[in-house]
Amino acid sequence: MPDDRHGRSTRLDAVARERGLDASAGDRRHASVPDNEGPRVSRVPEPHVHDTFSVDGIDTKRREGLLEAVLHDTDGVSAASATERNGTVGIHHDPDVSREELKERLESCGLVVAPGDAAFEVRRAAQFASARVAVAVLFGLMVATPYIAVLYPTRIEWLFYDPITVQYLQSILDSRVATHFFVNLGALSGVAFLVACGPLIKRSLAAAAAGRVTSESVFVGSVVALFGYSTLAAFTAFEGAVHYDLVAYAVVVVTLWNHFGVGETTPDTASVEEPTRDGSDAPAEAADDEPVAMTDGGR
């Protein structure tokens, strides 16, 4: 059964057929508990070591299961987990099986394996990517809430509250309290923009230095202009609306799109742990204090 996004048979499918394996084999061969009763675990002999690979080519959940089945069927491998979401493969294996041999096994399945010295950079990039999403969403909500509660009712009063309430909210904006109000909004939206869009800003500056105009530089320039306009309107005699909310919304949309919408995911190896040496985390029924490896691929 073909299993790539274009309906074609892949090298991984061919390897699995040669060995008589299917995707379910990766889930069951070394599992010690059913899927519906918790994470899948595999018994890992004490001498076994752990290696993590960042790969490109695990396009679907079925390929994920096929790859686990193929790795489980490899001599010297006691546990394996492949994660389609972030392109990570973790393998527990006998020390006699070298990392290079495992890399060749992955490449024989049609996968592109990142160099070993890039593992730290991949993990750090994934951590920062997740942090940027969290900052964009949380700070965006923190900016949106005051706008929804105070500013929007004064701009479209017929939709929200009665005239007395709107007049009270407007009096707040006309008082000294408004200065602190806009300082908080400006700080939140500015930090969200600098942190969440940091890579875009760096690339835009590099493009500007090279004399090029890109879509990212247009976005960054537009957000900076909007932020500057809002700051002038909030803290000077310049008459205008304060649009820190639009800054926050733009940051949230672009960050989420870059992280989830374009189909590109950064391999994340941060959650991969080395095999337990003392067996302290092993189930009570595990014999001889053998380490237990989580093999659910981070799902």
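F227 is partly exposed, at 27% relative accessibility. This is a predicted model. The structure holds four aromatic pairs and four salt bridges.

**Aromatic pairs**

- F181 and F182 form an edge-to-face pair.
- F181 is buried, at 18% relative accessibility. F182 is buried too, at 9%.
- F227 pairs with Y244. The ring centres lie 5.3 Å apart and the planes stand at 55°, so this pair is tilted.
- F227 sits in helix α10 (residues 215-235) and Y244 in helix α11 (residues 244-261), so their pairing ties together parts 17 residues apart in sequence.
- Y244 is buried, with a relative accessibility of 1%, whereas F227 counts as partly exposed.

**Salt bridges**

- Side chains of opposite charge can pair when their charged atoms come close.
- D51 and R99 meet in a salt bridge, with 3.0 Å from N to O.
- D51 belongs to strand β2 (residues 49-56) and R99 to helix α4, so the bridge ties together parts 48 residues apart in sequence.
- D51 is buried, at 17% relative accessibility. R99 is partly exposed, at 28%.
- K61 and E64 form another salt bridge, and their closest N and O atoms are 3.9 Å apart.
- Both K61 and E64 lie in helix α3 (residues 61-72). They are three residues apart, so about one helical turn separates them.
- E64 is buried, with a relative accessible area of 2%. K61 is partly exposed, with 46%.
- R203 and E216 are also joined by a salt bridge, with the closest N and O atoms 2.9 Å apart.
- R203 lies in helix α9 (residues 198-209) and E216 in helix α10, so this bridge ties together parts 13 residues apart in sequence.
- E216 is partly exposed, at 25% relative accessibility. R203 is partly exposed as well, with a relative accessible area of 42%.

- E104 is part of helix α4 (residues 99-108). Its relative accessible area is 47%, so E104 counts as partly exposed.
- V195 belongs to helix α8 (residues 177-196). V195 is partly exposed, with a relative accessible area of 38%.

Key
Residues are numbered from 1 along each chain as its sequence is written. This is a predicted model: local features need pLDDT of at least 70, side-chain atom pairs count only at pLDDT 80 or more; totals for chains, interfaces and linings use all residues. Side-chain values use heavy atoms; hydrogens and water are left out. Helices (H or I, at least four residues) and strands (E, at least two) are DSSP runs, numbered from the N terminus. Buried means under 20% relative accessible area, exposed over 50%, partly exposed in between (1.4 Å probe, protein chains only). Rings of Phe, Tyr and Trp (its six-membered ring) pair if their centres lie within 6.5 Å; planes under 30 degrees apart count as stacked, over 60 as edge-to-face and the rest as tilted. A salt bridge is a side-chain nitrogen of Lys or Arg within 4 Å of a carboxyl oxygen of Asp or Glu.
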